[in-house]
Amino acid sequence: MSDDIRDQLRQDHESVLAELAALRAESDEQGCLALLRQLRRSWVIHALAEETVVYRALEGVEAANDSKSSRADERFVEHELVEGLFEKLSRSRPGTLEWHARINVAGELIKRHIETEHEDTFSALGHRFEQEQLDEIGRRFALVRDKLTLLEEAKAA
């Protein structure tokens, strides 16, 4: 796998979308709850690693250039909104109208987040960093994501 942060983010995004599709297709209540736990775990790990490494790198460049980006704030809010929906889903019953409505809204938020990230964030990364820097950001992202994964596994044990 490439060290380029954009490739790593794409791979994470594809995994989250695949997990979301599996959750939507699941009809068994226990299966839904297990898939929701997995999707939520993947989302939280990805979001925290992304916020810690990628968004901070972009904020550092924006601060150095004295530019303000409202999009940066939106990225954090989107992560928070999806996590909130996952929390409410974990307390609702799979198969109900509420469950399906929350899954649909979470899916739309995730898709919007991914689309705007691929357009805006990837473009900003490409314009502000050289390839060597993109690879370094990717290595830091992978390290943080791996540490967060270990923490989540320890909590689940």
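In this predicted model, the count of aromatic pairs comes to one. Its partners are Y55 and F76, with ring centres 5.3 Å apart and planes at 75 degrees; since an angle over 60 counts as edge-to-face, that is the label this pair gets. The pair brings together distant parts of the chain, as Y55 belongs to helix 2 and F76 to helix 3, 21 residues apart. How accessible are the two partners? The table gives the values, and the cut-off for buried is under 20%.

| Residue | Relative accessibility | Class |
|---|---|---|
| Y55 | 0% | buried |
| F76 | 22% | partly exposed |

Let's turn to the nonpolar cores. The largest one has 19 residues, and L23, W43, F86, W99 and I110 have the most contacts inside it. Helix 1, helix 2, helix 3 (70-90) and helix 4 (97-128) each give two or more residues to this core. W43 is worth a look on your screen: leaving aside neighbours within four places in sequence, W43 touches V16, E78, H79, V82, E83, F86, I110 and H113. There is also a second, separate core of 18 residues, with I5, A57, L125 and L134 among them.

Finally, where is the open space? The largest pocket holds about 160 Å³. Its lining consists of D12, S15, V16, E19, Q38, R41, S42, I45, H46, R145 and T149. Helix 1 (5-25), helix 2 (29-64) and helix 5 (131-156) are the elements that supply two or more of these residues, and helix 2 gives the most, with five.

Terms used
Residues are numbered from 1 along each chain as its sequence is written. This is a predicted model: local features need pLDDT of at least 70, side-chain atom pairs count only at pLDDT 80 or more; totals for chains, interfaces and linings use all residues. Side-chain values use heavy atoms; hydrogens and water are left out. On a 1 Å grid over the protein atoms alone, a cavity is a set of points where a 1.4 Å probe fits but cannot get out, and a pocket is an open set with protein on both sides within 12 Å along at least five of seven lines; lining residues have an atom within 4 Å of a point. Grid points are joined across faces, edges and corners, and a volume is the space filled by probe spheres set on the points. Helices (H or I, at least four residues) and strands (E, at least two) are DSSP runs, numbered from the N terminus. A nonpolar core is a set of buried Ala, Val, Leu, Ile, Met, Phe, Trp, Tyr and Cys residues joined through side-chain atoms within 4.5 Å. Buried means under 20% relative accessible area, exposed over 50%, partly exposed in between (1.4 Å probe, protein chains only). Contact means heavy atoms within 4.5 Å. Rings of Phe, Tyr and Trp (its six-membered ring) pair if their centres lie within 6.5 Å; planes under 30 degrees apart count as stacked, over 60 as edge-to-face and the rest as tilted.
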